Amino acid sequence: MDFLNSVFVKPFADMVAAPDFLLQVLWEGLVAGVLYALIALGFVLIYKSSRIFNFAQGIMVVFAALTLVGLHEKGVPALLALPLTLLVMYLLAVAVERVVLRPLINQPDMILFMATIGITLFLIGFGEIIFGGENKVMITEALYIPTGSFEFEPFGGFLLIEQKDLTAVVGAGVLVAVLLLFLNKSRIGRAIRALGDDHQAALSVGISLSTIWVIVWFIAGVIALATGIVWGARAGVSFALEVIAYKALPVLMLGGLESVTGAIVGGLAIGILEKLFEIYWGQPLLGGNTESWFAFVLALIVLLFRPQGLFGERIIERV
Amino acid sequence: MLYRTAGQFKTSYAADHALFPVRQDAWLLGVILLFAFVIFPLTASEFTFKALLTPVLVYSLAALGLNILTGYAGQLSLGTGAFMGVGAYACFKLITIFPEMNVLVAILASGFFSAAVGVAFGLPSLRIKGFYLAIATLAAQFFLVWLFEKWAWLCNYSSSGSIQVPTVEMFGTPVFGPNALAIVQYYFVLGVVALITIAAINITRGRIGRMWKAVRDMDIAAELVGINLMKAKLSAFAVSSYVVGVAGALFVFLWRGAAEPVAFDIALSFRVLFIAIIGGLGSVLGNFLGAILIVALPVILNTLPATFGIPISSAMVEHLNTMIVGALIIAILVIEPHGLARFWQIIREKLIMWPFPH
């Protein structure tokens with residue numbers, strides 16, 4: 001009875017008793033969720049256009065952020081380092097297409113997935129050799145990202161919202177809007193979606209596979225840079241971030257591999273739910289640190305009921 | 001020339017299906033076993049045992065377990081490290097609860113615990129397929145490592161949260177713990193690995209192995225020809241997790257000597273996965289080739305620049321190692337998606353035909 005009480009009654013009682021704290025938890029979860037959603041978005045774009053499960057997306061985030069900070073440390077002004085980093089991400093996209101994707105055309109999905117693990121390892125080793133393995137501080141001020149914080153007093157309590165988090169949420173929203181506009185309205189966006197629907201049909205109407213792949217990997221690189229800046233501002237830049245990139249996997253599975261909406265909804269849902277679970281159930285009952293597995297178990301349970309994820313395309317199998 | 005098959009006639013189907021249809025294969029294996037059982041133990045130093053021979057065997061076994069699941073039954077697993085952890089913790093609890101138990105029995109029995117856990121996390125595979133299934137094994141990976149950290153009973157409430165291997169004897173010789181000789185541990189590991197490898201070869205060649213391969217190639221088609229998917233997939237999870245669990249117990253008890261929960265994190269899962277990929281999915285030989293490569297690479301990188309007089313820091317070696325492994329994976333996938341084992345197969349076929357091209 002005591003146990004049932006502490007599982008089903010007490011957490012909700014705590015929530016109602018301290019609504020300002022609940023709001024703070026929700027906000028933290030929302031910010032984390034936006035970041036998960038951004039990483040997952042990079043995955044979805046690549047999966048949609050080439051059916052490659054790109055494991056390297058998480059490491060691209062770290063790599064982009066490291067390049068930006070590394071260039072700044074070498075004395076390049078921040079506003080110049082930004083386009084230079086974009087150039088590096090573009091070169092990376094070209095290199096990946098040339099060295100990895102083109103020779104592996106028509107191989108089974110599993111082989112391509114393993115190849116992206118190879119890219120991940122290569123980027124980790126390469127990045128650590130060039131930029132060193134130690135933790136770096138994101139150049140928040142130099143990029144004119146506000147660092148102050150707002151304080152509110154809802155319900156007579158106390159709520160703290162950091163301006164850089166707010167910038168992150170707004171920035172991510174704008175990025176997603178631009179991306180959706182690009183995918184739905186522009187020529188290249190249509191070509192990307194056509195490739196996602198049917199490779200051969202797209203090829204036969206004159207869409208160049210290799211050009212589109214470079215573009216898609218470059219867009220994934222841009223998303224990675226945006227994520228890297230936001231995340232780096234919160235937690236510093238180092239390869240320890242790659243662990244957080246694994247979080248994008250359950251987000252992806254939960255939302256469905258092909259769905260942009262799924263990535264966003266899944267990211268926000270996992271970000272908020274895992275924070276709530278950690279604060280109200282994990283810490284008092286399970287000894288804390290449940291964030292390391294909650295997202296995976298949640299995604300697993302959802303998948304048991306919907307094997308294609310919440311928004312994924314229905315899986316039709318033929319023999 | 002060396003592999004000429006002239007004069008080797010098969011007069012029955014049984015002879016044609018034998019383990020070594022070409023006699024030279026058996027001789028080659030004999031030579032390798034002679035090296036493993038006699039020549040290496042006679043010549044190797046303590047360092048070689050600890051840094052090369054035992055790790056190669058342990059990683060080969062772990063990769064063999066993963067290969068059964070991913071290479072033969074086609075179910076992607078990213079949770080190998082956690083299942084190795086289950087084997088190691090089970091073995092630790094077994095020998096501390098029953099100190100009289102024979103160590104060989106303890107090691108082999110610990111595999112059953114990880115097999116049970118493996119089947120539990122394999123259940124979703126009946127409904128979830130392909131990349132979506134990776135989430136089930138990832139959930140196992142992160143959840144189990146968290147459990148190792150939080151459940152103090154597992155490490156007998158030790159203050160550091162890690163398991164320390166006690167000294168345990170078998171027939172009067174210490175096998176576990178700091179007092180055991182490296183050569184004894186090597187022979188123990190070699191024996192277990194050889195035993196399980198023989199079993200694995202025979203399972204994968206037989207009825208169950210063919211069932212797994214059918215499921216891997218297309219599970220709906222396999223179901224239509226009368227294969228029970230539940231039986232096939234869960235048996236793959238069980239056998240695979242058993243082998244991986246035994247490898248985990250060997251990993252801690254006969255090589256590392258101690259282990260923290262972090263030792264079983266996702267990095268270990270990936271290391272085993274690379275061995276399986278580089279070696280070749282769906283091959284037993286490949287695991288050994290891959291393990292040799294992955295274990296030897298950092299050792300070579302450590303010693304090679306020093307012999308040429310180039311100073312190189314150990315951190316640099318680690319980064320270089322990561323980078324080279326990444327590049328190797330890509331290179332091997334591009335050149336030959338079926339891994340090192342396929343290379344050997346090609347060489348062998350060429351040798352059989354030599355000097356004629358066809």
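This is a predicted model: local features need pLDDT of at least 70, side-chain atom pairs count only at pLDDT 80 or more; totals for chains, interfaces and linings use all residues.
Residues are numbered from 1 along each chain as its sequence is written, while chains are lettered from A and ligands numbered from 1 in the order in which they are written.

Now the pair. In chain A, helix α11 covers residues 248–255 and helix α12 covers residues 260–286. Helices here are DSSP runs, H or I, of at least four residues, numbered from the N terminus. Two packed helices are described by the angle between their axes and the distance between the axes. For α11(A) and α12(A) the angle is about 125°, and the axes are 8 Å apart. Axes are lines fitted to C-alpha atoms over the stretch in contact, and angles run from 0 to 180 degrees between N-to-C directions. So α11(A) and α12(A) are oblique to each other. The cut-offs: under 35 degrees is roughly parallel, over 145 roughly antiparallel, 65 to 115 roughly perpendicular, and the rest oblique.

Who touches whom? A:P250, A:V251, A:L252, A:L254 and A:G255 in α11(A) meet a set in α12(A) that includes A:G262, A:A263 and A:I270. Contact means C-beta atoms, placed from the backbone, within 7 Å. Nonpolar is Ala, Val, Leu, Ile, Met, Phe, Trp, Tyr, Cys and Pro; charged is Asp, Glu, Lys and Arg; the others, Gly among them, are polar.

Next, the loop between α11 and α12 of chain A. A:S259 lies there. A:S259 is buried, because 22 other C-beta atoms lie within 10 Å. Buried takes 20 or more such atoms, exposed 12 or fewer, partly exposed in between, with C-beta atoms placed from the backbone. Leaving aside neighbours within four places in sequence, A:S259 is in contact with A:V44, A:F311 and A:G312. A:V44 is 215 residues away in sequence, yet 6.6 Å away in space, C-alpha to C-alpha.

Compare A:V94, in helix α4 (residues 78–101) of chain A. A:V94 counts as partly exposed, because it has 15 C-beta neighbours inside 10 Å.

One more pair in chain A. Helices α6 (residues 163–185) and α7 (residues 187–197) have axes that come within 5 Å and cross at roughly 75°. They are therefore roughly perpendicular. A:F182, A:L183, A:N184 and A:K185 meet A:G189, A:I192 and A:R193.

On to the interface. Chain B gives 36 residues and chain A gives 40. On the chain B side, α13(B) supplies the largest share, 13 residues. By class, that side has 30 nonpolar, three polar and three charged residues.

Within chain B, the axes of α11(B) and α13(B) come within 10 Å and cross at roughly 35°. B:F274, B:I277 and B:I278 in α11(B) meet B:V325, B:L328, B:I329 and B:I332 in α13(B). The contact has seven nonpolar, no polar and no charged residues.

Last, watch B:I329. Beyond its neighbours within four places in sequence, its contacts include A:M114, A:I117, A:G118 and A:L121. Thanks, that's the tour.

Technical notes:
Helices (H or I, at least four residues) and strands (E, at least two) are DSSP runs, numbered from the N terminus. Two residues are in contact if their C-beta atoms, placed from the backbone, lie within 7 Å.
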